[in-house]
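Subject: Structure handover

Hello,

Please find the structure below, with the sequence alongside. My notes on it follow.

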Protein chains: 2
Amino acid sequence: MSNRQDKRTELTLHAVAGNGLLDRRLFLKSGLGLGAAAMLTPVIKESKAASESAAIDATDIDLASPPWMHTPGEGFSTYGSPSEYESDVVRFPSPNRAVPGNGVSWTPLHLLEGTITPNGLHFERHHNGVPHINPLQHRLLIHGLVKNPSFFKVDDLLRYPMTSRICFVECGGNSNAGWNKAPIRSEAGYFHGLVSCSEWTGIPLTVLLEEVVPTNKAKWLIAEGADAFAMNISIPLEKATAEGMLALYQNGERIRPENGYPLRLILPGLEGVMNVKWLRRLKLTEVPIMARNETSRYTELLPDGKARMFTLDIEAKSLITSPSANMLLRQPGLYQITGLAWSGRGRITQVAVSADGGKSWADAELQEPVLSKAFTRFRIPWVWDGKRAILKSRATDETGYVQPERRQLVTERGRHGFFHYNAIVSWQVDELGAVSHVYDDEETTTDSPGTIDIDTGWD
Amino acid sequence: MSNRQDKRTELTLHAVAGNGLLDRRLFLKSGLGLGAAAMLTPVIKESKAASESAAIDATDIDLASPPWMHTPGEGFSTYGSPSEYESDVVRFPSPNRAVPGNGVSWTPLHLLEGTITPNGLHFERHHNGVPHINPLQHRLLIHGLVKNPSFFKVDDLLRYPMTSRICFVECGGNSNAGWNKAPIRSEAGYFHGLVSCSEWTGIPLTVLLEEVVPTNKAKWLIAEGADAFAMNISIPLEKATAEGMLALYQNGERIRPENGYPLRLILPGLEGVMNVKWLRRLKLTEVPIMARNETSRYTELLPDGKARMFTLDIEAKSLITSPSANMLLRQPGLYQITGLAWSGRGRITQVAVSADGGKSWADAELQEPVLSKAFTRFRIPWVWDGKRAILKSRATDETGYVQPERRQLVTERGRHGFFHYNAIVSWQVDELGAVSHVYDDEETTTDSPGTIDIDTGWD
């Protein structure tokens with residue numbers, strides 16, 4: 001509580017941008033001095049009983065010897081589950097009311113840390129529910145413009161040479177509420193959580209294609225799933241073979257039913273719909289088949305009446321996950337701002353963070369290793385002074401592409417895009433510490449709060 | 001079936017060591033020619049219906065349109081589970097018969113791929129069961145030789161600056177059946193699976209210690225868990241702070257009960273017992289307290305009657321996970337040998353593989369990114385000619401340390417070590433394709449098959 005002046009000096013020394021952003025290296029081992037620790041104190045103090053430690057030790061019997069130290073704990077298990085105290089860390093399903101197997105469930109990005117999404121929380125996007133496929137009865141057919149059309153059993157595929165790759169998968173429709181005229185009020189993960197990141201292991205597509213020997217005319221790959229929707233889509237062969245794999249494992253174990261068991265396509269950096277789950281067929285063709293998923297869907301009407309089609313690459317994007325919408329900062333003090341950045345075009349090279357609504361920016365620390373087409377965790381310390389603040393993050397990838405402000409994106413694309421919303425997200429911290437989603441352009445004031453229209457949004 | 005001679009030529013061209021080991025780059029995009037694909041054919045052929053594709057298409061109704069394409073699938077879920085067809089991919093519990101909360105459960109390494117262990121399958125080592133801790137009632141006390149002894153609530157710790165790190169945790173007693181006089185018959189994971197690898201996220205220990213301000217006399221850290229065993233151990237302060245963290249998240253989500261919920265120590269590269277789960281207390285001291293876990297346990301009697309103590313670092317180790325014990329190769333042909341390597345002293349720099357019992361060796365491909373103190377997946381193609389073969393892998397780390405042959409380890413350490421068994425593992429493939437665990441020294445022939453003695457092994 002003393003030397004308030006010292007703390008202010010310390011803050012000034014480390015300040016790197018307006019409204020309290022501090023040098024990203026503050027908490028790294030080399031940069032951590034006593035000043036930093038002292039600054040942390042007020043944040044912790046409120047609920048920490050440090051100064052009364054002796055008193056608590058004597059009077060609080062639970063703390064001295066909590067009940068779980070008095071009786072033997074639970075026995076060993078063959079497959080574990082999260083703690084009962086974490087039951088709110090779940091996917092948020094948004095099914096179509098009329099067709100409950102059609103819709104999405106959102107990854108709770110705002111409740112997670114690091115870069116790997118646990119398998120139980122990977123987002124879902126299905127068109128007619130999750131098939132429970134018996135792998136002994138499943139076949140993959142590769143045919144069309146190939147010399148050796150072939151069926152492959154799952155057991156045989158499991159013996160093929162494999163490769164592993166940590167990468168994200170993002171639905172092209174992720175964050176689509178951003179097109180709403182008023183900012184949606186959902187938690188960050190239930191607005192942006194149609195993206196997850198896993199270590200995928202499988203067979204390089206090039207290896208399988210060598211087996212069937214494509215003819216020179218083959219330029220497209222038509223992928224089809226074995227779900228009750230018979231989901232299909234056309235993929236440029238060159239894009240698919242660049243880094244694509246037939247994935248069988250996710251984060252070490254076999255892929256789960258809702259993620260495509262027994263096998264799916266993983267095409268790093270390409271929009272989620274192309275990463276066909278429950279894959280049963282790859283047909284090589286000369287031209288795309290113009291299926292539903294590349295015509296009525298995943299095609300974006302522009303302001304001039306033309307449409308963007310085959311917008312396959314996921315562009316650079318970032319998101320502050322904490323603090324984020326509907327969280328509460330209990331008191332002014334030192335906080336860590338953290339979030340995720342990713343790009344379908346390669347590595348993230350920079351994430352800039354602003355605490356003053358975009359007037360000034362500072363570089364966040366990027367968690368190593370920074371991997372191409374994978375989640376990149378960023379972090380930067382911030383002192384909240386108790387006044388209104390607007391937090392933003394802005395990602396840049398190795399191609400030099402910079403995540404756009406919302407205003408810029410809406411101007412370029414208009415309002416009928418639905419897909420590929422990747423604008424900078426603004427979180428407002430008000431004087432009470434309440435965090436909410438805001439737009440920093442004029443629209444905010446003229447419209448009522450938006451909601452996800454689950455009947456029309458996912459069909 | 002034709003040009004058998006061509007295949008043999010191809011094999012000769014790519015051979016890099018005795019008994020069928022091929023160049024590790026064979027399956028990489030740049031090295032893949034038609035020859036490689038042709039060689040794969042016989043392995044796949046047996047059960048693949050490629051040549052009868054048309055016939056199958058017409059007659060096998062399940063294949064043309066399997067049942068799960070006829071009815072809507074399962075709806076969205078808030079937290080997913082593995083496929084019902086993967087119910088054998090489980091941890092294998094080995095509890096003490098008298099005290100069921102004391103023992104281990106093994107990660108099924110032989111059934112997994114990639115490098116990340118899913119949270120549900122991370123190995124367990126408990127002394128009196130798994131406490132189910134209410135995080136609101138849990139406190140971490142840091143005291144002893146510090147200027148500001150402090151309690152920390154979990155909620156407060158969650159606001160501290162964090163870092164993420166992919167690293168393994170290995171029980172010092174992993175692979176201890178290797179000390180048996182006869183080779184144990186378990187599957188690879190149920191022999192070596194007290195090691196798992198996760199992305200851990202938490203607070204660097206240095207940050208927390210800055211808060212309590214250790215005195216100059218503080219040289220050791222006594223860590224204590226909140227389980228019914230009150231598990232404790234002494235850790236050199238310098239070792240703990242080098243890379244140690246107070247972990248709160250594992251693979252993105254909060255740590256699970258059996259892995260230390262709500263918080264645990266993660267000390268990359270140090271033996272598992274030091275990574276104290278359910279952490280409730282860190283006491284800074286001048287000397288170790290000589291607790292059970294650094295005296296009667298985790299101390300290794302040597303042949304000369306002296307004992308190794310405080311053998312904290314995990315030394316380099318590797319293991320072929322496929323093919324491995326109790327698997328069956330259905331017919332001669334091309335296979336991928338794959339496995340895991342790790343070292344507590346840094347990065348793995350090389351994994352050599354032998355298919356002729358150690359006479360000749362070839363470098364396996366290491367999956368990128370190769371991370372310090374993390375699982376490194378290795379792979380190399382191999383043509384099995386149908387005769388008896390002995391497969392081995394040998395890891396080298398960045399310090400130049402080379403994984404020893406079993407003979408060498410036993411000579412140096414004797415038979416009373418129990419801990420830190422890291423010798424090269426030998427898998428024999430017999431003429432029928434059956435894979436079994438063997439020793440390649442004389443002991444094999446003179447003794448009966450070993451088993452894990454679960455009553456005395458874990459206490």
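This is a predicted model. I start with one helix of chain A. In H9, which spans residues 406–413 of chain A, the buried residues include A:Arg406, A:Leu409, A:Val410 and A:Arg413. Viewed down the axis of H9(A), the buried residues lie within an arc of 95 degrees, so they line one face of the helix. The general rule is that an α-helix has 3.6 residues a turn, so residues three or four places apart point the same way. A:Thr411 and A:Glu412, on the other side of H9(A), are exposed.

What covers the buried residues of H9(A)? Part of the cover is strand E16 (300–301) of chain A. After H9(A) comes A:Gly414, which has a positive phi, near 75 degrees.

Now chain A as a whole. Its secondary structure consists of eleven helices and 26 strands. Of the 459 residues in chain A, 55% are buried. Take the contacts in chain A between residues at least 6 apart in sequence: 72% of them join residues at least 24 apart.

Next, the two chains together. Chain A is superposed on chain B by a rotation of 180 degrees with 0.0 Å of shift along its axis, and the RMSD is 0.0 Å. The two copies are thus related as by a two-fold rotation axis. The contact residues of chain A recur in chain B to 99%, so the same surface serves both copies. Which residue of chain A comes closest to the rotation axis? That is A:Pro118, with its C-alpha at 3.7 Å.

The contact between the chains involves 107 residues of chain A and 106 residues of chain B. On the side of chain A that touches chain B, helix H2 (residues 34–45) of chain A gives the most, with five residues. By type, that side of chain A has 49 nonpolar, 34 polar and 24 charged residues.

Last, the nonpolar core. The largest one has 227 residues, and the members that touch the most others are A:Leu246 and B:Leu246. In chain B, domain 1 (109–308) and domain 2 (317–457) both give residues to this core, so it lies between them. Leaving aside residues up to four places away in sequence, A:Leu246 touches a set of residues that includes A:Leu157, A:Gly202, A:Ile203 and A:Leu205. A:Leu208, A:Leu263, A:Leu265 and A:Leu279 are also among the residues that A:Leu246 touches.

Regards

Definitions and conventions
Residues numbered from 1 in each chain as written. Chains lettered and ligands numbered in written order. Predicted model: local features only at pLDDT ≥ 70, side-chain atom pairs only at ≥ 80, totals over all residues. Buried ≥ 20, exposed ≤ 12 C-beta atoms within 10 Å, placed from the backbone. Helix = DSSP H or I, 4+ residues; strand = E, 2+ residues; numbered from the N terminus. Arc of directions from axis to C-beta. Contact = placed C-beta atoms within 7 Å. Least-squares fit on C-alpha atoms with pLDDT ≥ 70 in both. Nonpolar A, V, L, I, M, F, W, Y, C, P; charged D, E, K, R; others polar. Core = buried A, V, L, I, M, F, W, Y, C linked by C-beta atoms within 7 Å. Domains from an automatic or database assignment.
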